[in-house]
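Q: Could you take me through this structure, starting with how far it can be trusted?

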Amino acid sequence: MFKTTLTILFLFLTIMLFGQEPAYKKYTTETGMPDYYYFYLAYANDTLFLSTDEVNLYTFNGIDFKEIKHPPSKYMFREIKYLKKGYFMRNTVNNYWYRPVGGDWMTIKTPNSNIVFHDTLLGFNSDTILYFNENFAKWDFLMKIKNPDISVKTHYPYIYLDKNNKKTLIYRKRVKTKLEYNKGESYYDIVADTFIYIPVNSFQCQGSFNGKNIFLNQITGDIKWDFFKDTIYPLSEMHKSVSPSLNYRLVGKQRFDDHNKIITSNIFEQENKLHFVSFDTLTGINYRGTFNIPRANYKRISEDLFFVGSFEGMFKVNPNNTYYSLHNSGINKNIRSIVKHKGTILMAGYGSGFCKLKNNDFVLMSAPFQKGKYKNILNGGFALNENEAYFFNEGYNTLNILKNNKIKAYEIYSNGQRSWAKGYFIDTLNDGRLAFSMQYDNFGVLDSIVKNRVYITALADNYGMKHGNSWVFDQDDNSRIWLGRFTAGLAVFDTKADTVIQYIYDLDEKKSFGVVSMYIDRYDQLWLGTNKGLYILKDVSKFDIYNSNIFDQAVHIELPNGDNSLVAAIKEVGKFIVVGNKTGISFLKKGYFDPQVKSPIHQLIYGEDINGSGTEQNCMLYDKERYLWVSTIDGVLKIDMWAIHIDTTGIDIKFDDVKNADNYLEISDDKIKINAVKRNLNIRFSSKDNPSFLNNIYYDFMLTNSKNDTLINQCRSKNNSLRIDYFNPDNYLLKVKAYKNGILKDTAVLSIFVPYTFGENPWIWLLLSVIFLSLLSGFFYYRKEKIKQIAKKELSLAKTENEKTQLKVQAIISTFNPHFINNSLHWVQSKYYKDPEMTKMIGRLSDNINYIFKITKSGSAVHKLKEELEIIQNYITIQQLRFGNTFKYIPPSLESLNKFGDLEIIVLQIQIHVENAIEHGIRNRVNSSFVKVDVFAADQYIVITITDDGNGRTAAKNIKSRGNQTGVKMLNELHIIYNDDDINRAKIQSYYEDDIFEDENVKYGTRVVIKIPENYIYNISK
């Protein structure tokens, strides 16, 4: 008992140091967590629930927070239980609700008793036991307690389980005398109606059930009692009497493996701190780290996953992976080498000397280890055994040898000469000799140690090596030594032929690479950590170094997150090949690797699954306790390899939200149709379930159109949303692929239909074309007859020049009508027929056609300005429907219209120029925006201007878009006819102003100027 107490006190003292912290990911409002002041956590049916002080309910699957429907309540929801068919929930004042799967929340009236959330929901009222009947969503009678010594009203049941296929409730008997304390605990089996005696000498027990065993943990002693097997397991545990401020809570369950290792996860509370501790049958008590978090509440998901909530946010915690930070522990900075010496973890840093692990934190080693010649330790330190380790030191350029807790610096002699070379990697060859990757000398093998000197046989420069130095090496079964360097590539030293073959890294050669780390496994596979990611060369011992190029033969291995950055470290660890780079640590199952067969790769990502930020070069240690130690840029990781397992859960992609403009669209048969005018789309997709709570799902998504053109293609992204600002009318296909551990798990396809607008639908135009062609045919027939009449009249009645001129005018204006209709038929795009916009367009066309017919029939060539502007307004309405209101028409001001509205002008004098501005100016420039008509008086003229910001006549000519030349020609002919009369001294003038705007040295825009003398008389007689 005294020994147990000492063990507990020792553990408690080590906890107080807070040197290590469990791996965690923090969630706040900045990372998508809902706004809160305080919240409760609940876990049910592989889902984490968050209830905030705003009485909102959210779910979290390890990736996304999502608000869900909840029952009305003034108080926070505190506990949620998933039964067989639905959820049962209560709030902080014990109101209860039930929601069947696919149904709505309903209020449940509860018995005036205790409610217990076990495998089946139980209620207790006096001596009656009730159970919740999901079929009818109500409480039903289960049984009565016959034994008078049991009062269910005042006692919660301890365990509810299935023992020999019988439902058994176990209660702790109310103890009445001190004598019963000494004898142990009595528990009551309701089904058997008997007391069960548990031989535990304690006054308080807690337990856990793992599906096979019930462990009742004696708090004050050091035993566990298995209810099923009637077996006692010795196991020291902490009791709250160690410190009045330390509150014990057992929150774990047992996990079994091939070695019968039993792990129990525990949390100890002390003031504002949470201490994670595990107990197991092989190594005893293991401290897993401390959180300094105020007012925490937590939920255990599995043996390696907890969620902790506090005022600071929510934390996802994995206590099996712990971290020693430069900021929160005594660890040295710039750790370059990790070894285990005499049973103690030692770490050596560049510029910081040596430190060692003591009481779950690191402390500086004694003065000899802090001297200058031992401070600048380089990468690749190596422990030959528990009693002997080797390190390279920069500055003094010595080899430091640690033996039996004493360290000494040795001068290096290479090929008989004092060498000032540094070393970067130390390991043994196949024959057990110690070898080194070195500067200048490339590679060396230890010959002897004499006094304060070490003698090395080195490759040096006599082999013509271009490496200069090497960073890492390994030896294959053919005795060839492979050397790697980041900036030089690879070299192979054939010891039998005494020859070196080099593969030089060339920046201009895409296949070549530089090597930083390497490892040859028992399957004769060379793993290469390069500046371009991870590569593998199979059957390395059989590789023909003389006739083959390794850059052609090595196969690239894509990591799940798509990271191809520099791989700084590779190590064989248990049943895995472990690879470290800047984004995380990857675990590949050992075995004969087939690049053609995708094998799962488990990843721990920095900042997500593990603490730290980037793996240091060749600085990993795997100890006998199966802990993997990894040096990072700002600390050291300790990973429990017992707990490493590949997430095998599946993925079922669902499209969560599909939003078009401000509306959420419903998906029917994997199809959606978006608004014809507002053509943007926001899509969110995710996995329906993610029971592992790991953020390890990566997506590829590709968007193609009906021509199979790829519009968007994104690979290996954690981004589960897609925004598209604009679609052209078409049928699109969005294909989403989801990967986990590098394996394709699911594919989802969404068809997207983007309909035409009214001004884009060819079917509508086909209908309009038929209508207009019919009108046009009728008009041509009418014009033909009219021309015949005119010709006949001209031949028989033309006696004066005045009559001939009048006939010419009438002939000219007769051609205006077909010209206008022809140009109206030039546009056609799309929307659904029977659209009100179609009716509006046809009405405007009809107005203009009727008016032109009327003018033509009367023989008049002039009309009032306000009548011309009405024709233009109808024409503009049609064109804005056609182009989707992409430009603005600016008519004369109301003041100008009132002043000049009765001004007589030639028919279509303005409309033809407006038409040219739209068809050959605005239409041909992407950023064009307006056409403007203005009227004003200047220098005894009424001036009419038509201005547009289209591409201009010069640019239009270059693309052979010359505008309405026929219409302009007819206008000019009429100007000549009317100006020929002697009545008007001042004549009608018209001209162009080209390239009136400029933007980024590009000129554009046109202005047409028409000047009509004041009091001008339209007369054709001389």
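A: A term is needed at the outset: pLDDT is the predictor's confidence in each residue, from 0 to 100. This is a predicted model, in which local features need pLDDT of at least 70 and side-chain atom pairs count only at pLDDT 80 or more, while totals for chains, interfaces and linings use all residues. Residues are numbered from 1 along each chain as its sequence is written, and side-chain values use heavy atoms, with hydrogens and water left out.

Q: What is the mean pLDDT of the protein chain?
A: The mean is 77, and 74% of the residues reach 70 or more.

Q: Where does pLDDT stay under 50?
A: Residues 1-17 are one such stretch, with 31 contacts (heavy atoms within 4.5 Å) beyond four places in sequence. Residues 150-262 also stay under 50, and there the model has 299 contacts beyond four places in sequence. Where pLDDT is low, the predicted coordinates should not be read in detail.

Q: Turning to charges, how many salt bridges does the structure hold?
A: The structure holds 25 salt bridges. A salt bridge here is a side-chain nitrogen of Lys or Arg within 4 Å of a carboxyl oxygen of Asp or Glu.

Q: What do K69 and D104 tie together?
A: Their side chains meet in a salt bridge at 3.4 Å, N to O. K69 lies in the loop between β5 (65-67) and β6 (77-82) and D104 in the loop between β8 (96-100) and β9 (106-108), so the pair ties together parts that are 35 residues apart in sequence. Helices (H or I, at least four residues) and strands (E, at least two) are DSSP runs, numbered from the N terminus.

Q: Is K69 buried or exposed?
A: K69 counts as exposed, at 57% relative accessibility. Buried means under 20% relative accessible area, exposed over 50%, and partly exposed in between, with a 1.4 Å probe and protein chains only.

Q: And which strands hold E616 and R336?
A: The side chains of E616 and R336 form a salt bridge at 3.2 Å, N to O. This pair links distant parts of the chain, with E616 in strand β54 (residues 615-622) and R336 in strand β29 (residues 335-341), 280 residues apart. E616 is buried at 14% relative accessible area, and R336 is buried at 17%.

Q: Where do D902 and K866 sit?
A: D902 is in the loop between α9 (894-900) and β68 (904-906), and K866 is in helix α8 (residues 865-883), 36 residues away. Their salt bridge is 3.2 Å, N to O. D902 is partly exposed at 49%, as is K866 at 39%.

Q: Which residues other than glycine have a positive phi?
A: N397 is one of them, with phi near 50°; it lies in the loop between β34 (388-393) and β35 (398-403) and is buried at 9% relative accessible area. R716 also has phi near 50°. R716 belongs to strand β62 (residues 710-717) and is buried at 16%. For context, most residues other than glycine have a negative phi.
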